[in-house]
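Thanks for coming. I will go through one structure today, starting with the terms and then moving from the whole chain down to single residues.

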Amino acid sequence: MTGPFEGVRVVEVASWTFVPGAGAIMADLGADVIKVEPPDGDPQRALRNAINADDTGPNPFLEVPNRGKRSITLNLSSPAGHETLLKLVGNADVFLTNYLPKVRTKLGIDVDDLRATSPRLIYVRGSGWGASGPMADTGGFDSAAAWSAAGVQHKLTDPGASAPAAQPAAFFDLQGSSAIAGAVGMALYRREKTGAGGVVDVSLLGTGMWTMSPDLAAAATGVGELPRPNRFDAPNPIVNLYRTADDRWLNLVCLQADRFWAELCELIGRPELADDPRFADGVSRYMNRDACIAELDKTFGARTMAEWQEALAGFSGVWSPAANFEEVCANPQVAENGYLPTVTGNDGRQFRLVSPPYQFDGVPNAPAGPAPELGQHTEEVLLEAGFDWDEISALRDSGALG
């Protein structure tokens, strides 16, 4: 089964995670993604973390957004390097970048520069703050442009907390990369219908705002802030979190409360709660939510998570343990759906990466390979583009390849 991006060639001049993550998704789905790096490489290559601190393990911050690509090094500030990029773009369908406008102009790789070479090109700009406005030429990582600036941090920080809530690593970068990959598919579809290329803009600020749409819609219409989640005052007691005897948390998400209330009461061993007039229906449970939550707290607090998983195994309502990462990796649903495939690294060692959240025709996705070594495919890509060995040697001697 071929991937939906099979036959699509992508040239990527981007660093870090947000935009390269879109290239990784497209590579997983069949695209040929050529990662053009400066001679010293994507700065993400130098990041160290608990997995690769001693250089013995894979760097997830490199592998996640760069798996399955081919790497070529080019000095774009040199005339020969710039001309080489134009030749690569001339054979490409999509160009991905997160370089700032002033840098793109300086390097001669802005929209008009590249579309003069390839009018059908889909030119994709990932930015922190959007393509227009006073911050269009300002850099932005996701923890600033999405997490903080879009109101997510404000919403998730408890009043009275000693510090604002911190964003998990690459949290909005990866949401934004998924948005870019989807937008590229739409742009290619439009090109198929009209023959015209186009420009795609996706920003981290816009991604964060989309995620917070209900809260921002309320604020923008003058309603003010929507209530913060408060488990002690949940309007629907079975859309709530409950602590178990082993200090774990169980998340009930039964939006149609009247449909599931009696069944839940039976499964948790409290059938009398279904007959209690204080809890007879959704209105009654709302009016007496303090008492209802207190009863459920007492009940769920009497057994361990393992016991509740067994008791609720047949429950027709929606619920889940608040899983830790080890439990996520071990979840049979993850294995059955191929959500955490195994990749063989360049050194021959195996590790696992999360697949994109798309499947086509029931086929799980898997990376085509690991992230490339810096410049690993330079000669291969240039030969495919029509350069001969003498020309490649001349480019190297000129400093165009670093």
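First, a term: helices (H or I, at least four residues) and strands (E, at least two) are DSSP runs, numbered from the N terminus. With that in hand, just after helix H11 there is Gly269, which takes a positive phi of about 80°.

Now the ground rules. This is a predicted model, in which local features need pLDDT of at least 70 and side-chain atom pairs count only at pLDDT 80 or more, while totals for chains, interfaces and linings use all residues. Residues are numbered from 1 along each chain as its sequence is written, and side-chain values use heavy atoms, with hydrogens and water left out.

The chain as a whole. It holds 19 helices and 11 strands, and its C-alpha trace spans about 85 × 50 × 45 Å along the principal axes. Of its 402 residues, 44% count as buried; buried means under 20% relative accessible area, exposed means over 50%, and partly exposed is in between, with a 1.4 Å probe and protein chains only. Contact here means heavy atoms within 4.5 Å. Of the contacts with a separation of 6 or more, 68% are between residues 24 or more positions apart.

Next, the sheet. Six strands form an open sheet in the order S3-S2-S1-S4-S5-S6, with parallel pairing. Its edge strands are S3 (70-73) and S6 (198-203), each of which pairs on one side only. From one strand to the next the twist averages 20°. Two strands count as paired if DSSP finds at least two bridges between them. In general, strands of a sheet pair through backbone hydrogen bonds, either parallel or antiparallel.

Two of the pairings in detail. S1 (residues 9-13) and S4 (residues 94-97) are joined in the parallel sense over 4 bridges, and Glu12 stands opposite Leu96 in S4. S2 and S3 also run parallel, with 4 bridges, and there Glu37 is opposite Thr73 in S3. On S3, Arg70 and Ile72 point one way, Ser71 and Thr73 point the other way, and all are buried.

What packs on this sheet? Helix H3 (residues 79-90) touches S1, S2 (32-37), S3 and S4, and its direction makes about 150° with that of S1. Helix H8 (residues 171-194) lies across S4, S5 (122-127) and S6, at about 165° to S6. Those angles run from 0 to 180 degrees between N-to-C directions, with axes as lines fitted to C-alpha atoms, for helices over the stretch in contact.

Back to H11, residues 257-267. Which of its residues are buried? Ala257, Phe260, Trp261, Leu264 and Cys265 are. They cover an arc of only 135° around the axis, so they sit on the same side of H11; the arc is that of the directions from the helix axis to the C-beta atoms. Arg259 and Glu266, on the other side of H11, are exposed. The cover over the buried residues includes strand S8 (249-253) and helices H12 (271-275), H13 (282-287) and H14 (289-300).

Asp42 is located between S2 and helix H2 (60-66). Is Asp42 buried or exposed? It counts as buried, because its relative accessibility is 2%. Its side chain makes a polar contact with the side chain of Lys35 at 3.1 Å. A polar contact is a pair of N or O atoms within 3.5 Å; within protein, one must be able to donate a hydrogen and the other to accept it, and residues adjacent in sequence count only if both atoms are side-chain atoms. Leaving out residues up to four places away in sequence, Asp42 touches Ala14, Ser15, Trp16, Lys35, Glu37 and Asn66.
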